[in-house]
Amino acid sequence: MDNKSLKKLEADLWESADLLRADSKLTSNQYCMPVLGLLFLRYAYGRFKRVETEILKNRPSRGGRVLPVEPSDFASKSALFLPKEAQFDYLVNLPANIASAKLKNVHGQPLNSLGEVVNNAMELVEAQSEKLKGVLPKTYTDFKDELLAELLRTFNNNALDDVGGDVMGRIYEYFLSKFAKNIASDDGVFFTPKSLVKMIVNVLEPTHGVLLDPACGSGGMFVQTGDFVNAAGMASNETMTFYGQEKVEYNAQLCQMNMAVHGLTGVVKSGDEANSFYHDAHNLEGQCDYVMANPPFNVDKVKAESCQNAGRLPFGLPAVNKDKEIGNGNYLWISYFYSYLNEKGRAGFVMAASATDSQSKDKDIREKLVATGHVDCMISVGNNFFYTKSLPCTLWFFDKGKKKKIQDKVLFIDARNYYTVVDRTLNEWNEWQLKNLNAIVWLYRGETDKYEYLLVEYRNALLAYADTTEDKQLEKILRKSAKIAKIFAELKEHRETLRAQAKTAVESADKKSKKKSQEGWDARLAELDEIIGVAKEADWLYEKFGDGKYKDILGLCKIATRAEIAEKNYSLTPGAYVGVAPVEDDGVDFAERMTEIHQELLKLQDESNALMKTISKNMKEMGL
Amino acid sequence: MAWEKVKLGDICAWVASGGTPLTSKADYYSPKEIPWLKTQEVNYCRIYETNNQISKKGLENSSAKLIPANAVIVAMYGQGDTAGRVAINKIPLCTNQACCNLVIDENKADYEFVYYNLCTLYDKLVSLKNGGAQPNLNAGLIKNLEISLPPLSTQKRIADILSAYDNLIENNQKQIKLLEEAAQRLYKQWFIDLRFPGHETTKIVDGLPEGWRKGSIGDIAEFKRGKVITKGDVVEGNVPVVAGGLEPAYYHNASFTESPVITVSGSGANAGFARMYFQKIWASDCSYVDSSATIFIYFVYSFLKENKKSLDSLQKGAAQPHVYAKDINALKLNCPPKDLLVKFEKSVKPLFDKIGKCQNVIEKSKDARDRLLPKLMSKKMEV
């Protein structure tokens with residue numbers, strides 16, 4: 001399934017499911033888990049059918065009859081066996097009057113509603129896997145049967161029969177991101193924006209080993225790591241071991257389902273024993289190859305003695321107040337992330353923007369941290385990357401296996417003004433912007449070959465458009481062997497030409513076909529905009545670093561030494577190092593403009609004098 | 001002459017509210033084709049431009065309507081004291097749903113007179129607000145509001161008298177803008193483009209003209225922290241108390257700075273905002289430097305204007321952004337030699353003096369207009 005079709009499928013499914021909620025009396029919180037549960041069930045069913053087909057194909061027949069499949073057949077293929085009563089097909093085709101079917105649950109009790117039947121299905125699925133025990137939602141009796149039946153029909157979309165786990169995972173993630181906008185969570189964001197997660201994964205470049213997320217929320221770090229490792233041609237389930245801690249049970253359940261639907265397995269602990277401040281739930285101090293997280297920011301009232309006992313504080317405690325509490329937990333998290341790493345481990349995490357400059361004890365910790373030489377990269381992120389809050393943050397990166405050449409250095413990137421607008425309250429980094437920011441890191445690390453490969457990727461992407469477009473002029477521009485800046489400029493000119501043509505064509509079309517004409521031109525212009533978007537990012541990158549030579553760019557990036565960091569009082573705020581991009585000259589001639597200003601001032605002075613006369617006259621006439 | 005009571009709705013050719021195009025649709029906001037107004041911009045002023053724009057598609061796909069120029073716009077709801085405020089749009093625009101747009105029937109009433117009349121009725125409008133959690137005005141309440149109207153020719157006469165002051169205010173605001181631009185362009189020409197007097201014969205040493213040196217703005221003028229004064233301690237007077245906002249927070253009866261004085265807001269959404277006052281002030285939640293601390297006050301102000309982005313990037317702190325004096329003082333600067341600074345001050349002083357005079361005219365005009373307005377609206381004066 002190509003990307004465009006997948007996006008349409010995602011949006012259509014979401015729209016259908018969301019419309020149904022609007023007609024019900026359920027809140028987003030009540031709706032979210034059960035809907036994701038149904039998606040999970042649909043995924044499990046699709047996988048079950050594919051594996052069943054495969055098994056039956058290889059089954060010997062006995063007396064002309066093929067032996068039925070058994071649970072043990074599925075275990076060897078990492079798939080769940082689904083009893084008949086948990087199969088999606090069965091649920092969709094139940095009669096409207098459930099009670100009349102005289103169904104019974106696993107405990108032998110009668111089932112009187114569709115909600116009860118689906119709850120039972122979830123119990124049956126959980127029984128198939130130790131990992132899923134207690135994870136799946138069983139609140140389907142909150143739904144009216146008609147609503148639930150409609151949801152089942154919505155997800156029984158034929159298109160889903162053709163999709164593999166990777167696509168189903170994408171749909172699940174899409175739903176998660178949609179729900180994230182509406183669900184209030186007192187424990188912070190449970191869904192980390194995908195582009196922040198991808199940035200972290202891309203910089204850490206996981207290949208194999210132990211990955212820990214001690215604040216794993218709904219499991220976004222695991223999922224993107226899985227995608228990254230798989231994209232590199234490895235099987236992430238074989239090379240990676242995932243560990244998660246999540247205090248909020250609800251989020252942990254989302255995480256388990258999210259991993260399952262992506263074909264990943266891991267150990268996720270939840271509840272009080274998974275409160276990272278007081279428990280190292282997996283005993284992984286010094287054991288991890290990778291640590292990734294988006295922890296809750298600015299947590300207060302952490303009991304100092306309890307968290308001291310929990311250890312993982314190589315740089316000491318942050319400030320303790322008179323109530324023997326730690327008033328801000330940011331530097332507890334930072335210490336934990338560092339302490340979990342093994343001798344070559346890498347960490348990447350999201351942190352409140354204020355943490356890069358907080359003072360007193362936090363600053364002392366930062367000083368010790370910088371002294372280790374393992375602070376690798378700091379990336380500042382602007383507002384509006386999170387769904388429910390408009391807050392800036394910073395991405396921090398540690399690398400205990402840093403090359404000697406950059407041991408004394410930290411790369412600072414200020415990415416606050418580099419993003420794509422999704423809507424007025426949401427920004428993100430698109431695919432190419434992620435690569436561009438990553439390219440700066442590659443150059444800092446001396447990995448010029450990766451940078452060069454990215455230039456090839458850009459060239460190939462533009463040529464791919466040339467292969468598919470029907471616009472001869474566009475094809476000609478794209479095939480030019482010229483500098484990207486020239487191609488970018490010509491593409492923009494072409495867009496202006498096309499816009500003018502579109503305007504003329506639509507205006508001259510007769511009333512009946514005007515709309516169709518407009519739509520045709522809109523589609524063409526949208527295609528061109530997409531191409532220009534790629535060219536724009538290629539130009540952004542090439543004009544700064546050319547064929548692959550790092551240099552500090554004012555307002556964007558700077559490699560600072562530890563001495564420079566000490567000089568700035570151990571601030572780790574990228575803006576303090578990268579400076580501000582020079583304001584572009586407005587191109588106005590100085591003498592010319594000054595003359596204009598002078599003349600305008602004289603004219604205003606005359607008007608002012610005339611106004612004063614008018615006012616004086618008015619005052620006189622009013623007898624004042 | 002006879003004044004008669006009329007309902008607002010009866011003198012309007014059209015009364016329209018507005019709408020907000022879906023924010024999730026990027027093409028409703030791009031390209032930026034039509035000015036789109038929100039109530040925070042409705043604040044007893046004439047509107048020549050808006051902070052936001054929407055596309056034609058956004059207009060077509062929302063409840064927003066294109067309002068012709070010279071309508072009277074009433075804010076129906078919004079933060080704080082917004083509801084009840086009025087403005088006139090001097091350009092066609094559309095608005096969000098919180099605006100009630102009165103297109104005045106020019107055969108029945110003069111739009112400027114209606115505007116000035118409504119300026120005096122803020123308290124009455126506020127008293128009309130109804131509702132539970134958030135009291136709001138609505139179009140029905142506004143339409144039914146009664147105002148007193150004299151004959152049309154008298155309306156125009158009164159409006160002309162009052163608008164002469166507003167025209168004078170606008171004239172001076174434009175002058176200030178041009179004067180500031182002139183000073184800023186001179187600063188840029190000399191100190192950034194390095195085309196200062198004598199540059200043709202000056203050697204460049206280590207990337208800098210001879211006689212210049214690398215330093216920071218604190219070398220020329222050291223900003224100090226203000227003395228915080230709370231509302232409870234303020235004694236009503238004529239001295240602006242400058243805190244975190246764009247305008248003075250209060251007026252006190254004592255000052256401790258010289259004039260002119262530069263302030264940089266210390267905290268809040270406007271942290272880093274720089275402004276020059278041509279009077280003595282009380283510097284509260286801000287950093288300040290005045291003419292007793294440096295003889296190059298205009299150079300410092302021009303420097304801050306040129307480095308606005310650097311100032312904004314100084315913001316620190318968790319819950320609320322802060323800008324500290326020591327960080328301002330550390331802003332990097334290639335320091336010109338003293339004689340060049342003296343020359344610059346001499347060149348721009350007339351510009352800044354004129355700005356001070358314009359600001360004074362604006363203050364006096366506002367005062368005169370605001371004293372005259374209620375009298376003209378209550379038939380107490382013959383015109």
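Predicted model: local features only at pLDDT ≥ 70, side-chain atom pairs only at ≥ 80, totals over all residues.
## Confidence in the model

Across chain A the pLDDT averages 89, and 97% of the residues score at least 70.

## What the record says about chain A

UniProt, in an unreviewed entry, puts the feature "domain: N6 adenine-specific DNA methyltransferase N-terminal" at residues 9-154 of chain A. In the model, that stretch of chain A is 53% helix and 3% strand. The C-alpha atoms at the ends of residues 9-154 sit 11 Å apart.

## The nonpolar cores

The largest nonpolar core has 78 residues, and the ones touching the most other members are L395(A), L411(A), I413(A), W429(A), I440(A) and L491(A).

I440(A) is worth a click in the viewer. Leaving aside neighbours within four places in sequence, I440(A) is in contact with L411(A), I413(A), W540(A), F545(A), Y550(A), L556(A) and C557(A).

## Strands β12 and β15 of chain A

Strand β12 (residues 409-414) of chain A and β15(A) run antiparallel, joined by 5 bridges. K409(A) stands opposite T561(A) in β15(A). Strand β15 (residues 557-561) of chain A is mostly covered, with 4 of its 5 residues buried. For background, strands of a sheet pair through backbone hydrogen bonds, either parallel or antiparallel.

Helix α8 (residues 194-204) of chain A is another mostly covered element: 9 of its 11 residues are buried. Among them are S195(A), N202(A), L196(A) and V197(A). Just after α8(A), E205(A) takes a positive phi of about 50°.

F242(A) belongs to strand β4 (residues 240-246) of chain A. F242(A) counts as buried because its relative accessibility is 1%, and the cut-off is under 20%. Setting aside neighbours within four places in sequence, F242(A) is in contact with L211(A), F222(A), T225(A), G226(A), M259(A), L264(A), T265(A), G266(A) and V267(A). As for D408(A), it and F242(A) are 166 residues apart in sequence and 31 Å apart in space, C-alpha to C-alpha.

## Over to chain B

Chain B splits into domain 1 (4-149) and domain 2 (167-349). Taken over C-alpha atoms, the centres of those two domains of chain B are 37 Å apart. UniProt, again in an unreviewed entry, lists residues 162-189 of chain B as a "coiled-coil region". The model has residues 162-189 of chain B as 100% helix and 0% strand, with the end C-alpha atoms 41 Å apart.

Chain B also has an open sheet of 5 strands, in the order β2-β9-β6-β7-β4, with mixed pairing. Its edge strands are β2 (12-16) and β4 (46-47) of chain B, each pairing on one side only. Within the sheet, strand β6 (residues 72-75) of chain B runs antiparallel to strand β9 (residues 99-104) of chain B, with 4 bridges joining them. V72(B) has L102(B) in β9(B) as its bridge partner.

How values were computed:
Residues numbered from 1 in each chain as written. Chains lettered and ligands numbered in written order. Heavy atoms only, no water. Domains from an automatic or database assignment. Buried < 20%, exposed > 50% of the residue type's maximum accessible area, 1.4 Å probe, protein only. Helix = DSSP H or I, 4+ residues; strand = E, 2+ residues; numbered from the N terminus. Pairing = 2+ DSSP bridges. UniProt positions renumbered as here; feature names shortened; annotations may be inferred. Contact = heavy atoms within 4.5 Å. Core = buried A, V, L, I, M, F, W, Y, C linked by side-chain atoms within 4.5 Å. pLDDT = per-residue confidence, 0-100.
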